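Please have the viewer open as you read.

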Amino acid sequence: MRFAKQFVVFNIMIFVCFLSGCGGGGGGGTTSDSGTVTLSVTDAKPLLPDDVKNFSVEFSEVWVHKSGEGWIELPLVESPYTIDLLQFYDGFTAELVPPTKLSSGKYTQVRFVVSSATMGVSDGHGGITERVVEIPSENLKTDKNFTIDLGPGAAIDLVAHFDLSQSVVVSGPASDPTYKLKPVLHLFDDPFTAAIIDGSISNAAFGDSGKATVVVIAESNGEEYTSVEITKSTTAASTEYSIFWIVPNQEYTVQINFDQDDTPDCIITIGNGDDFESPQPGEAVDIGICNKPI
């Protein structure tokens, strides 16, 4: 399975994993009444323009909220800590908060404070131009709700999926666009219960661009859950792809587009009984091959 190094593990998604045993680091609580919290960040393979070579986000603070006590700041690996999210996708993660002891009890929220973001864009001559990505305020605070009970000696491994495909808003003329960051996060109870959608595309279906867009729509609200861009394989008759960090036991529609227009060339339904069963925790659902209709 592809979970080994990859799932040992920011739409911006947050994942909470209950692990046995104690971790090190941090302060707060005693050995007998404390547990351990760790936080890593990741992205799925984001749908961004081809000329984007890096996307760096600077985290300045991370907090968790405990019932009855309020917000508690967690230490970062570095302060501030800058991560190029394009280096951590397809299930790979980067540690943001090292193992930190916290007193036992119920925790209900996590807060990320982002102080800046930049995007490296190819200048077409072998160099990279850094573009500032605007954030709504001096420090962008993003809160996500979750509920966990941290028991004595337990450990919580938080993995935050920062979904760049949904988090970057582009405005202005194509010749001089403006980029803004509006983080999208998804929530899981446990990274090992996150599901994957696997599929493949016939290489004969690709157009001149050699690109295809795969969009996953959550049927629970009809909104786009995530999207990825697939590049045509040069070594096989079809191109395989995987979409990570899917909430299991939910219904989805997968739309595949080869023409960059508003009409999908392939539509696959998942979890409504028509095509495929809902993805199960910790497993991948294979939706087969897409051949563009003639």
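The link of Cys-266 and Cys-290 is right-handed, with 85 degrees about the S-S bond. The S to S distance is 1.8 Å, and a disulfide here is a pair of cysteine sulfur atoms within 2.5 Å. One disulfide is what a search of the whole structure finds. Cys-266 is buried at 10% relative accessible area, and Cys-290 is buried at 3%. Buried means under 20% relative accessible area, exposed over 50%, and partly exposed in between (1.4 Å probe, protein chains only). Strands are DSSP runs of E with at least two residues, numbered from the N terminus.

A word on where these values come from: this is a predicted model, in which local features need pLDDT of at least 70 and side-chain atom pairs count only at pLDDT 80 or more, while totals for chains, interfaces and linings use all residues. Residues are numbered from 1 along each chain as its sequence is written, and side-chain values use heavy atoms, with hydrogens and water left out.

Next, the aromatic rings. The whole structure holds four aromatic pairs. Rings of Phe, Tyr and Trp (its six-membered ring) pair if their centres lie within 6.5 Å; planes under 30 degrees apart count as stacked, over 60 as edge-to-face and the rest as tilted. Two of the pairs are set out here.

| Pair | Centre to centre | Angle between planes | Type |
|---|---|---|---|
| Phe-206 and Phe-258 | 5.7 Å | 80 degrees | edge-to-face |
| Tyr-225 and Tyr-252 | 5.8 Å | 70 degrees | edge-to-face |

Phe-206 sits in the loop between strand E14 (195-202) and strand E15 (211-218), and Phe-258 in the loop between E18 and E19, 52 residues apart. Both Phe-206 and Phe-258 are buried. The tyrosine pair also links distant parts of the chain, with Tyr-225 in strand E16 and Tyr-252 in strand E18, 27 residues apart. Tyr-225 is buried at 8% relative accessible area, and Tyr-252 is buried at 2%. Elsewhere, Phe-59, Phe-112 and Phe-162 form one aromatic cluster.

Which residue has its charged end over the ring of Trp-71? That is Arg-111, 4.0 Å from the ring centre; the test asks for NZ of Lys or CZ of Arg within 6 Å of the ring centre and within 35 degrees of the ring normal.

Tyr-225 and Tyr-252 turn up again in the lining of the second largest pocket, which also includes Gln-166, His-186 and Gln-250. About 220 Å³ of space lies in this pocket. A pocket is an open set of points on a 1 Å grid over the protein atoms alone, where a 1.4 Å probe fits, with protein on both sides within 12 Å along at least five of seven lines; lining residues have an atom within 4 Å of a point. Strand E16 (residues 223-231) gives the most to the lining, with three residues.

Two backbone details remain. A cis peptide bond joins Ser-79 and Pro-80, with omega about -5 degrees, and Pro-80 is in the loop between strand E4 (70-74) and strand E5 (81-84). Asn-249, in the loop between strand E17 (238-246) and strand E18 (252-257), has a positive phi near 60 degrees although the residue is not glycine. Asn-249 is partly exposed, at 46% relative accessibility.

How values were computed
Helices (H or I, at least four residues) and strands (E, at least two) are DSSP runs, numbered from the N terminus. Grid points are joined across faces, edges and corners, and a volume is the space filled by probe spheres set on the points.
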